[in-house]
Amino acid sequence: MYTVPKLEDYSPEALDRAVADLRRALAEEEASISSQADWKAFRDRWLARKNGILTQLNNLWLKPCPADLKRTIGQIINTLRPEIEHFVTHGQSRDEDIRTVIDSLSKDALAADRLDITLPGIQRPIGVKHPVLRVMDEIVAVFKAMGYSVGEGPEVETDYYNFESLNFPPDHPARDTQDTLFIAGQESKPARDRLLLRTHTSPVQIRTMEQQPPPVRIVIPGKVHRNDPLDATHSPVFHQVEGLAVDTNITFCDLKGTLDHAMKALFGSSVKTRFYPSFFPFTEPSADMQVSCIFCGGKGCRKCKFSGWIELLGCGMVDPNVFDFVKHNGYDSSKISGFAFGMGVERIAILKYEVEEIQLFYEGDVRFLEQFA
Ligand code: PHE
C-alpha cells in the first residue's frame with residue numbers, strides 16, 4: 001500500500017520519481033474498486049481533510065521543504081490535486097458500472113446471457129378464419145358469383161322488423177316458433193318499437209327493401225339469437241345467411257334452381273335437393289329444402305336417420321303481405337314477386353366438417369380450431 005514518502009532528495013529526477021510513484025498508486029487503487037465501500041475507502045484515503053494523501057503532501061512535501069523550492073513543490077501538488085479528484089470521481093462511476101452489471105446479471109439478463117442464437121426461435125402461430133366465418137363466407141361467395149350483393153342489419157332489432165313487418169301479427173302463435181330474447185325495460189314503448197335480439201336475419205329483407213326499390217338480389221350473413229337451450233345441434237347464438245331476390249316474374253322455379261345450384265357449389269355436384277311444404281308467415285308458399293345425405297349419398301345412414309335426406313333451410317315466395325309494408329318503395333305485389341331463403345351457417349358447417357357438437361364452435365379450443373388451419 002502506497003505511503004507518502006518524506007522528500008530528502010529535491011533533484012528534479014527524484015521529484016519526478018516521487019510523483020510517478022504517487023500517480024501509479026493512484027491509478028492502481030482506483031482500478032481495484034469493485035464496490036461502493038471500496039470507493040468510499042479510496043476517496044477517504046486520498047482526499048480526507050485530516051490525514052488523506054493530499055493533505056499529507058502538504059504536510060510532508062510542502063511544509064518541510066527549503067524556502068526556495070516552495071514554489072516548485074507547490075506547483076507539483078497543484079497539478080496532483082485535480083488528478084486525485086478526477087480519479088476519485090471516476091472511481092465512483094466505475095463502482096456504479098460494476099453494480100449495474102451485478103444487478104442485471106442476478107436478474108433477467110442472466111437469461112439473456114444464455115441466449116442461444118442458433119435456436120429456432122419462438123413461432124407465433126398465425127390465426128385462421130373461424131370455421132363458422134369460413135363457411136359463412138363460402139356461402140356468401142356462392143351467391144356473389146350469381147350476382148348477389150351483401151347486406152347487413154343490426155343484431156338488436158325492433159319488434160317491427162323482426163316480426164310485424166314479416167307478417168307475424170302481434171300475438172300471432174307463429175311468434176312462439178322463435179323463442180325470443182327481449183331487451184328488458186321496454187314496456188313503456190309501443191309494441192312495435194320494443195327491442196329484442198333478432199331471432200333470424202329476415203328483418204334485413206324489409207330493411208333492404210326500404211332502402212332500395214326492386215330489383216333486389218341480396219344475401220345477408222349475420223348473428224342471430226334464440227332462447228334455445230344448448231344441445232348438440234342448438235345454440236342460443238348462431239349464424240344465418242338470408243337471401244332475397246325480388247324482380248318481375250320471379251317464380252318458385254327460380255328459387256329451386258338457385259338453391260339447387262348453391263347446394264351443388266357447397267357440397268359437390270352430386271348432391272340433390274328437394275322441397276317440402278312448410279310454413280313461414282313471410283313466405284307463401286313456404287318450403288323446407290332438403291339435400292340428399294352427403295354422408296351416404298341418399299342410401300340411408302345414421303346421419304340422415306336412414307331417410308337419405310337432410311333438412312337444411314327454410315325458403316319460399318315472398319308473401320304479398322310483406323311487400324305491402326314497403327309498397328311505397330316500388331314493391332307492388334301485383335307487379336313484382338320474389339323468393340327468400342334462410343340457412344343456418346353452423347348447421348352447414350357441422351355437415352361439411354362432420355362436427356359432433358355445435359359447442360365446439362364457440363369454446364375457442366385451439367385443438368379444435370387448428371384443424372381448420
Ligand atoms: N327466417 C327463417 C328462420 O329463421 C328462415 C327463412 C328465411 C324462411 C327466409 C323463409 C324465407 O327460420
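Me: Is L80 buried or exposed?

Reply: First, the ground rules. This is a predicted model, where local features need pLDDT of at least 70, side-chain atom pairs count only at pLDDT 80 or more, and totals for chains, interfaces and linings use all residues. Residues are numbered from 1 along each chain as its sequence is written, and side-chain values use heavy atoms, with hydrogens and water left out. Now the term: buried means under 20% relative accessible area, exposed means over 50%, and partly exposed is in between (1.4 Å probe, protein chains only). L80 has 1% relative accessibility, so it counts as buried.

Me: Where is L80 found?

Reply: Helices are DSSP runs of H or I with at least four residues, strands are runs of E with at least two, and both are numbered from the N terminus. L80 is found in helix α4, residues 70-106.

Me: How is the protein divided into domains?

Reply: Domain bounds come from an automatic or database domain assignment. Here, domain 1 covers 12-113 and domain 2 covers 131-372. Their centres, taken over C-alpha atoms, are separated by 88 Å. A residue pair gives another distance: W39 and P173 are 91 Å apart in space, C-alpha to C-alpha, and 134 residues apart in sequence. W39 is in helix α2, residues 36-47. W39 counts as buried because its relative accessible area is 7%.

Me: How many salt bridges does the structure hold?

Reply: A salt bridge is a side-chain nitrogen of Lys or Arg within 4 Å of a carboxyl oxygen of Asp or Glu. The structure holds 14. One of them pairs R23 with E83, with the closest N and O atoms 2.7 Å apart. That pair links distant parts of the chain: R23 is in helix α1 (residues 12-31), E83 is in helix α4, and they are 60 residues apart. R23 is partly exposed at 38%, and E83 is partly exposed at 23%.

Me: Which parts does the E138 and K352 pair tie together?

Reply: The side chains of E138 and K352 meet in a salt bridge at 2.8 Å, N to O. E138 lies in helix α6 (residues 131-144) and K352 in helix α11 (residues 345-353), so the pair ties together parts 214 residues apart in sequence.

Me: What should I look for in the backbone?

Reply: Most residues other than glycine have a negative phi, and most peptide bonds are trans. Now the cases here. A cis peptide bond joins P214 and P215, with omega about 5 degrees. P215 lies in the loop between α8 (203-211) and β4. Another cis bond joins E284 and P285, with omega about -5 degrees. P285 lies in strand β7, residues 283-292.

Me: What is the phi of D171?

Reply: D171 has a positive phi of about 65 degrees, although it is not a glycine. Its place is in the loop between α7 (159-162) and β3 (195-197). D171 counts as exposed because its relative accessibility is 76%. F306 also has a positive phi, of about 60 degrees. F306 is in the loop between β7 and β8 (309-318). With a relative accessible area of 60%, F306 is exposed.
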